[in-house]
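Dear colleague,

I am passing on a structure for you to look through, and below it you will find my notes on what turned up. Please read them with the structure open beside you.

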Amino acid sequence: MARISLTPPRTLLFRALEWYSKRAYGKVLDPGRAMAHHRRALWAYLRFEQSVARWNQLDKGLKELAVMASAASIGCSWCMDFGYWEGHKLGLDARKLHDVPAWRDSDAYTPLERDVMAYAEAMTANPPEVDDELSARLLGQLGEPAFVELTMMVAVENLRSRFNSAMGLTSQGFKESCDLREAPGRPARGVL
């Protein structure tokens with residue numbers, strides 16, 4: 001249950017956010033509703049996310065797996081739910097999306113994808129547990145611009161997941177709106 005009202009004052013900024021959110025996602029995102037109680041925080045965050053959306057040095061699939069691995073480490077069900085939807089939009093393999101919370105036990109991932117998720121988890125640990133060997137491997141495979149973007153994306157997801165978790169925000173049903181429902185006979189996995 002949300003720790004703040006999800007019915008903020010109906011300012012012009014919030015009404016614009018509602019319009020855009022419904023158009024882009026089919027519903028108003030709860031993190032926006034929560035953040036709308038502080039106009040300047042919301043405005044700064046929206047501008048920041050617009051900038052982040054233009055980053056393009058890291059493969060989108062690797063970026064999504066890193067974001068979801070970080071969200072799973074934190075335990076943010078809202079971010080995992082939205083991550084399934086985003087990954088589906090990108091065309092990622094449904095099994096890879098389902099298996100993120102237990103990626104170490106899955107054979108669905110390439111060695112590079114495993115390194116990306118290990119890096120995301122190591123960065124998300126408190127304190128961070130990033131080691132030189134893993135960083136060097138990723139730097140060698142991705143190159144400097146993509147490695148910096150990977151690091152920043154995990155940091156950004158830590159911001160998102162920690163805000164959402166602290167605010168008590170939970171799944172909004174994005175996973176159910178795509179074809180990632182659990183297959184019959186397959187046990188549910190993950191934090192959702």
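Trp55 has its place in the loop between H3 and H4, where helices (H or I, at least four residues) are DSSP runs numbered from the N terminus. This is a predicted model, in which local features need pLDDT of at least 70 and side-chain atom pairs count only at pLDDT 80 or more, while totals for chains, interfaces and linings use all residues. Residues are numbered from 1 along each chain as its sequence is written, and side-chain values use heavy atoms, with hydrogens and water left out.

Trp55 counts as partly exposed because its relative accessibility is 25%; buried means under 20% relative accessible area, exposed over 50%, and partly exposed in between (1.4 Å probe, protein chains only). Leaving aside neighbours within four places in sequence, Trp55 is in contact (heavy atoms within 4.5 Å) with Lys63, Glu149, Met152, Met153 and Val156. Trp55 and Met153 are 98 residues apart in sequence, yet 9.4 Å apart in space, C-alpha to C-alpha.

Met153 is one of the buried residues of H9, which also include Phe147, Glu149 and Leu150, and these buried residues pack against helices including H2 (30-35), H3 (39-53) and H4 (60-74). Just after H9, Gly168 takes a positive phi of about 75°.

Finally, the largest nonpolar core has 37 residues, and those with the most contacts inside it are Trp78, Val100, Leu138 and Leu150; such a core is a set of buried Ala, Val, Leu, Ile, Met, Phe, Trp, Tyr and Cys residues joined through side-chain atoms within 4.5 Å. H4 gives the largest share of this core, seven residues.

Best wishes

How values were computed
Helices (H or I, at least four residues) and strands (E, at least two) are DSSP runs, numbered from the N terminus.
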